[in-house]
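Trainee: Could you walk me through the charged pairs in this one? I am new to it, so please take it slowly.

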Number of protein chains: 2
Amino acid sequence: MSELEPPVPAATVARLPLYLRCLEALDAEAAPTVSSSHLAALAGVNAAKLRKDLSHLGSYGTRGVGYDVGNLMGEIRRELGVDETSPVIVIGLGNLGQALAKHGGFAGRGFPIVGLFDIDPNKIGQEMDGLIVQHLETVANTIAATGGHTAIIATPPDAAQVVTDQLIAAGITSVLNFAPTGVVVPDGVALRQVDLAVELQILSYYRPERVAERDAGRDRNLSAATS
Amino acid sequence: MSELEPPVPAATVARLPLYLRCLEALDAEAAPTVSSSHLAALAGVNAAKLRKDLSHLGSYGTRGVGYDVGNLMGEIRRELGVDETSPVIVIGLGNLGQALAKHGGFAGRGFPIVGLFDIDPNKIGQEMDGLIVQHLETVANTIAATGGHTAIIATPPDAAQVVTDQLIAAGITSVLNFAPTGVVVPDGVALRQVDLAVELQILSYYRPERVAERDAGRDRNLSAATS
DNA sequence: TAGATTGTTAATCGATTAACAATC
DNA sequence: TAGATTGTTAATCGATTAACAATC
């Protein structure tokens, strides 16, 4: 009989990295255990939600005590699949691509950058952070040599789909797209898309001056409706 | 009697920039109108969800015809509050900060970068993309001169909270935090946090090989339960 | 044991979706 | 008018939360 593996809700999966980051900070302070209310406060979420999230992992704390920090880190890493490192390649060495390539935060969290690719002859051959930029055509070699199956796309928008198709043909199965355009991938390939300008646009909606205006409008309506 | 302003659900707000981006692409091709099913396909969402989202704006299409592309762009921009440009400042000119500062995608979508700030004497005075890096202490001057109320934090994690506090004291009311650590802001300040490594971690959970394993596990359990 | 805190229940809330009447 | 497509309804689904029995 195989073990029961209930699916973890998408909303929970999206929060696990946040919990992991908070646990790593606690671990750096040598905190042995943490309660759900403490960890929830660090992560900025409701304590009941945190406990519910963790219950999906089958990772149990100790009643009356809390969670063992090292233990819980291990369980979250295992569930996310970041308990071993995953080599990553970056395609498109413009401003953003170069910044991502040099960004220490990826390697430090299990995602070492092992290859840089572009199609611009002026970029190919340049060294960046210990790696030589190679032509995209040679990407299959790097995939074979490193076992990496994850690619970060940082090309101009009009190249993103073509590049994605080439990467998938070369064996990439996980794609993180930073180009400000959607790309489509076949079944069997994982995809996430991040558009940095979108974050500013969402922030714009929640600008305090606008929130206050909307609230005032609703208050007026409410008064009108009830008086 | 004031107009009714029903609140727009958070899930809808988060999708409006995506629709806007698709509409801008259609507009560039001079498409005059678009149906909900076409726009939904471009955005990768369900057509019913798209129509429901748009219905929250009070922005109406024409039955039998579809939505006027230019019109709908205007209504989404107005709802998001991106119908006029919002100047933005960047704090922390490391790899990521420099990339964000030079990134044309912000200015092109209504968020011109108008100030660069750091506390590193080696960075202050340097020119980047037409702007001189200034000391963070002088940020209030730029805020006053430009009317900008939005800041992008790209400092090391241990500086993020201090810098955020200084910015808020200087008049910033919207913060987009790229530092891989949470920051807290008082009421009346809008905040969004983006952690690039988190995206890779979430992608890791949905890696096709792992999805297949989990599905297989569930199939086995299902068979065991039903046989 | 007494105090503390988990894991789970059940109620509530919000988001998604298919279906279709309204209507251009 | 006939065909097409919206805007809305209502059912379903998933996520959140408070409360508390279980238990360390």
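Mentor: Let us begin with Arg109(A), which is buried at a relative accessible area of 17%, and please keep in mind that this is a predicted model.

Trainee: Okay, and which side chain does Arg109(A) meet in a salt bridge?

Mentor: Its partner is Asp195(B), with 2.9 Å from N to O. Arg109(A) sits in the loop between helix H6 (104-107) and strand S4 (113-118) of chain A, while Asp195(B) sits in the loop between strand S9 (190-193) and helix H9 (196-205) of chain B, so the pair joins two chains.

Trainee: Is Asp195(B) buried or exposed?

Mentor: Asp195(B) counts as buried, at 9% relative accessibility. There is also a network of salt bridges here, which links Arg21(A), Arg109(A) and Asp195(B).

Trainee: Switching topic, how many salt bridges are there over all chains?

Mentor: A search of the whole structure gives 16. One of them is between Asp53(A) and Arg15(A), whose closest N and O atoms are 2.7 Å apart. Asp53(A) belongs to helix H3 (residues 47-55) and Arg15(A) to helix H1 (residues 10-28), both of chain A, so this pair ties together parts that lie 38 residues apart in sequence.

Trainee: What about the relative accessible area of Asp53(A)?

Mentor: For Asp53(A) the value is 2%, which makes it buried, and Arg15(A) also counts as buried, at 18%.

Trainee: And what does Arg207(A) form with Glu209(A)?

Mentor: Those two form a salt bridge, the closest N and O atoms being 3.2 Å apart. Arg207(A) counts as buried at 17% relative accessibility, whereas Glu209(A) is partly exposed at 37%.

Key: Residues numbered from 1 in each chain as written. Chains lettered and ligands numbered in written order. Predicted model: local features only at pLDDT ≥ 70, side-chain atom pairs only at ≥ 80, totals over all residues. Heavy atoms only, no water. Salt bridge = Lys/Arg side-chain N within 4 Å of Asp/Glu carboxyl O. Helix = DSSP H or I, 4+ residues; strand = E, 2+ residues; numbered from the N terminus. Buried < 20%, exposed > 50% of the residue type's maximum accessible area, 1.4 Å probe, protein only.
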